[in-house]
Every structure is written in structure tokens, then in C-alpha cells.
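The tour moves from one selection to the next.

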Amino acid sequence: QVQLVESGGGLVQPGGSLRLSCAASGSIFSIMTMRWYRQAPGKERQLVAAIDVGDSTNYGDSVKGRFTISRDNAKNTVYLQMDSLKPEDTAVYYCNADIRTSSAGLVRSWGQGTQVTVSS
């Protein structure tokens, strides 16, 4: 069994910054690609950023140049540094990871989500 737990969400003013964290725990053999998604009210879930096992990254067009994804393999944790936040960044942010477990093979796990609200 694998769990992903996000933290770091909250209320921030436009132009501000937040750093999200997502820690994986459980029967982990290795973690492949890790991702951040977001879902705003009434909208579909969209990919924000992804980082693979070789630290190659890609970003959604709306966050390029403002958000940075990184990972700490020793801590089984992925981060999302969000700068120059805009009201349209308001959403629930979810982490997602492809995890090779010691018992069930390769699984794709989701966190429970953390709310980010950008408002003055």
C-alpha cells in the first residue's frame, strides 16, 4: 500500500509565493515520474508539472516561468514552488506518482489534494 500526502496549500495574495510538498510512504521500491495536477471549480483536472526519474521536467503553458517542480528521492518527496501567483491559479492541487512497489508492481497513486487560493 502506498500513500501520497500533500501539504503547503493556503491563502496567498496575487504576486505571492507558496511551496507545496508531497511525500510518498508505504511499500515503495522506487518512484518513477511524479506530477502535480490542479482542478478549479467547474473545470477539468489539468497537468501543472511533471518530473521524471532523471529530473527532466515539463510544465503546463500557463505556469511556465513561474512554477518549479523538484524532487528529493531520499525523502520520496516532490515539491512545487509557485511564484508570481495569479487568481487563476486558485485550485485544489493534487500530486500523482508512478510507484514501483515491493508487492503490487507499478501503481499510479494520488494524494488527497491541497487547496491553493490566490486572492487579495
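This is a predicted model. A search of the whole structure for aromatic pairs returns two.

Select Tyr37 and Trp110 to see one of them. Their ring centres are 5.0 Å apart and their planes meet at 50°, so the pair is classed as tilted. Trp110, at 37%, is partly exposed.

With Trp110 it makes an edge-to-face pair, 6.5 Å centre to centre and with 80° between the planes. Tyr94 lies in strand β9 and Trp110 in strand β10, 16 residues apart. Tyr94 counts as buried, at 14% relative accessibility. Tyr37, Tyr94 and Trp110 together form one aromatic cluster.

Keep Trp110 and show Arg45. The charged end of Arg45 sits over the Trp110 ring, 4.7 Å from the ring centre. For another such arrangement, select Arg19 and Tyr79: the charged end of Arg19 sits over the ring of Tyr79, 4.0 Å from its centre.

Next, select Cys22 and Cys95. They are joined by a disulfide with an S to S distance of 1.9 Å. Cys22 is in strand β3 and Cys95 in strand β9, so the bond ties together parts 73 residues apart in sequence. Both Cys22 and Cys95 are buried. The disulfide count for the model is one.

Stay on β3 (residues 18-26) and colour its neighbours. What is the sense of its pairing with β1 (residues 2-7)? The two strands pair in the antiparallel sense, over six bridges, and Val5 has Ala23 of β3 as its bridge partner. β3 also pairs with β8 (residues 77-82), again antiparallel and over six bridges. In that pairing, Cys22 stands opposite Val78 of β8.

Finally, show the largest nonpolar core, which has 28 residues. Those touching the most other members are Trp36, Val48, Phe67, Val78, Leu80, Met82 and Tyr93. Elements that give two or more residues to this core include β5 (46-51), β7 (67-72) and β11 (114-118). β9 gives the most, with five residues.

Centre on Val48 as the last stop. Leaving out residues up to four places away in sequence, Val48 touches several residues, among them Trp36, Phe67, Leu80 and Tyr93. Its contacts also include Tyr37, one of the residues of the aromatic cluster.

How values were computed: Residues are numbered from 1 along each chain as its sequence is written. This is a predicted model: local features need pLDDT of at least 70, side-chain atom pairs count only at pLDDT 80 or more; totals for chains, interfaces and linings use all residues. Side-chain values use heavy atoms; hydrogens and water are left out. Two strands pair if DSSP finds at least two bridges between them. Helices (H or I, at least four residues) and strands (E, at least two) are DSSP runs, numbered from the N terminus. A nonpolar core is a set of buried Ala, Val, Leu, Ile, Met, Phe, Trp, Tyr and Cys residues joined through side-chain atoms within 4.5 Å. Buried means under 20% relative accessible area, exposed over 50%, partly exposed in between (1.4 Å probe, protein chains only). Contact means heavy atoms within 4.5 Å. A disulfide is a pair of cysteine sulfur atoms within 2.5 Å. Rings of Phe, Tyr and Trp (its six-membered ring) pair if their centres lie within 6.5 Å; planes under 30 degrees apart count as stacked, over 60 as edge-to-face and the rest as tilted. A charge sits over a ring if NZ of Lys or CZ of Arg is within 6 Å of the ring centre and within 35 degrees of the ring normal.
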